[in-house]
Amino acid sequence: MYTRHGHTRRDSIGNLPNLFVLSLAQNKLSGEIPFSIGNLSQLSELYLQDNNLSGSIPTALGHCNKLETLNLSCNSFSGRIPKELFTLYSLSEGLDLSHNKLSGEIPLEIGSLINLSLLNISNNKLSGKNPQLTRRVRSLGVHPHGREPSTWGNSRIFRSFERLN
């Protein structure tokens, strides 16, 4: 990741294994999330929304097994949603991947997030059917071309959509 002034902050983030919350939203960060993010074994909340991050969502996030909230919305992430995210059974508060450039089928494995209460994967290039989720999910955003932005994060506000076209 790079700051707006071009300073490098690449793998130093992985040197903070006791970090509990990381909120770097709206900081004009660019580049890719470093693979060392997977070293944050105590991380429970990660907010990287509203930056200029790109590349693939790192599979190393699957190593953050205490993660309850993940917000990567409003960036330029591309590629498929990594299946490693669906092994994060701790993910209960929210998963927001909306407003990116993610593509491919909506993974069936998304239904394995049995504790998840908020999900937004809208405004991407995803295809397929609505994910089969547990009744615990209170809000669901999957409309591929929805017009309302997702604004949950630190404020926990979440806009939902009814169905995938």
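**Sheet.** I looked up the open sheet of this predicted model and found 5 strands in the order β2-β4-β6-β8-β10, with parallel pairing. A strand here is a DSSP run of E with at least two residues, numbered, like the helices, from the N terminus, and two strands pair if DSSP finds at least two bridges between them. β2 (30-31) and β10 (125-127) are at the edges with a single partner strand each, so one side of each has no neighbour in the sheet.

**Strand β4.** I then followed β4 (residues 52-55), which runs parallel to β2 and is joined to it by 2 bridges; there, N52 is the bridge partner of S30. With strand β6 (residues 76-79), β4 pairs in the parallel sense, again over 2 bridges, and F77 in β6 is the bridge partner of G55. I noted that L53 and G55 make up the covered face of β4, while N52 and S54 make up the uncovered one.

**S117.** Next I located S117 in the loop between β8 (101-105) and β9 (118-120).

**Basis.** I number residues from 1 along each chain as its sequence is written, and side-chain values use heavy atoms, leaving out hydrogens and water. Local features need pLDDT of at least 70 and side-chain atom pairs count only at pLDDT 80 or more, whereas totals for chains, interfaces and linings use all residues.

Terms used
Helices (H or I, at least four residues) and strands (E, at least two) are DSSP runs, numbered from the N terminus. Buried means under 20% relative accessible area, exposed over 50%, partly exposed in between (1.4 Å probe, protein chains only).
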